[in-house]
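Here is a friendly briefing on a few side-chain and helix details, to read with the structure in view.

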Amino acid sequence: MEIGFIGCGNMANAIMKGIINNHLVPASEIIGSDLSTDSLNKVKDELGIHVTTDNKEVVKSSEVIFLSVKPQFYKSVIAEIKDLIKDSQIVVTIAPGKTMEWLETKFGKQVKIIRSMPNTPALVGEGITAACCNQYVTKKELDYVVSILKGFGKCEVLPEHLMDVVVSVSGSSPAYVFMFIEAMADAAVADGMPRALAYEFAAQAVLGSAKMVLETGKHPAELKDMVCSPGGTTIEAVRVLEQKGMRSAVIEAMKACTKKAKGM
């Protein structure tokens, strides 16, 4: 097998789909392991990959290994597989807070490690992932893994000291956006709009606004000013958001998120 996954949850599923849909590697060259037979049956039925409950089998048969388990399981999983990792294999992590220094210590030997931080919009092909690597990974190897990570959205190679910031600005931020959409929909419902329609209008407004930032190249403040007519409805709403401390709340939430990531 070319690519293996230890853990077959939602994020692993998104990465696999990106790999297969972009014809980077056929499903027949992907293997995944998981403790949950339900998760294994799901990816096997949906994607046609090989599955197993044995993490060691994944390591023995893969050139690139994604550690796609929860951060709290990294220590035990690494202890289980570290003696099987060969010099030629690449280990890709997706866990917040697990630095390359920590990972290298747990493996106890020279291992090619690429640390990545994707986010859940990967499930709809609109993710953004940050990646960095240790000194044992060649540029060709890094480029190959980045091509995999671009299979479900965008990917940027960043210095490792920014990885915890990535957690707050993209890894965790979909939750903030979902809360914002829900709050907007609640307000629309309070003013008489049916619930399903309120979610559609709120979500599409957020999607379109984000696309404007990415595609126009204009500063978000400039785009905001374009909507705020003198004495109009939008500037009145912005006034209330400022009065209620929206910016400060977002900044403080993200700083708390970054701090938490550093301590994991």
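This is a predicted model: local features need pLDDT of at least 70, side-chain atom pairs count only at pLDDT 80 or more; totals for chains, interfaces and linings use all residues.

**Aromatic rings**

- The count of aromatic pairs comes to one.
- That pair joins phenylalanine 5 and phenylalanine 66, whose rings are stacked, with 4.8 Å centre to centre and 10 degrees between the planes.
- Phenylalanine 5 belongs to strand β1 (residues 3-6) and phenylalanine 66 to strand β4 (residues 64-67), so the pair ties together parts that are 61 residues apart in sequence.
- Phenylalanine 5 and phenylalanine 66 are both buried.
- Elsewhere, tryptophan 102 has lysine 98 lying over its face, at 4.4 Å from the ring centre.

- You will find serine 62 in the loop between α3 (55-61) and β4.
- Serine 62 has a relative accessible area of 4%, and because the cut-off for buried is under 20%, this residue counts as buried.
- A polar atom of the serine 62 side chain lies 2.7 Å from the backbone oxygen of valine 58.
- A polar atom of that side chain also lies 3.4 Å from the backbone nitrogen of glycine 4.

**Helices α8 and α9**

- Helix α8 spans residues 173-190 and helix α9 spans residues 195-216.
- Their axes come within 8 Å and cross at roughly 135 degrees.
- An angle over 145 degrees would count as roughly antiparallel and one of 65 to 115 as roughly perpendicular, so α8 and α9 are oblique to each other.
- The crossing of α8 and α9 is right-handed.

Note on methods
Residues are numbered from 1 along each chain as its sequence is written. Side-chain values use heavy atoms; hydrogens and water are left out. Rings of Phe, Tyr and Trp (its six-membered ring) pair if their centres lie within 6.5 Å; planes under 30 degrees apart count as stacked, over 60 as edge-to-face and the rest as tilted. Helices (H or I, at least four residues) and strands (E, at least two) are DSSP runs, numbered from the N terminus. Buried means under 20% relative accessible area, exposed over 50%, partly exposed in between (1.4 Å probe, protein chains only). A charge sits over a ring if NZ of Lys or CZ of Arg is within 6 Å of the ring centre and within 35 degrees of the ring normal. A polar contact is a pair of N or O atoms within 3.5 Å; within protein, one must be able to donate a hydrogen and the other to accept it, and residues adjacent in sequence count only if both atoms are side-chain atoms. Axes are lines fitted to C-alpha atoms, for helices over the stretch in contact, and angles run from 0 to 180 degrees between N-to-C directions. Angles under 35 degrees count as roughly parallel, over 145 as roughly antiparallel, 65 to 115 as roughly perpendicular and the rest as oblique. A crossing is left-handed if the near helix is turned anticlockwise from the far one by less than a right angle, and right-handed if clockwise.
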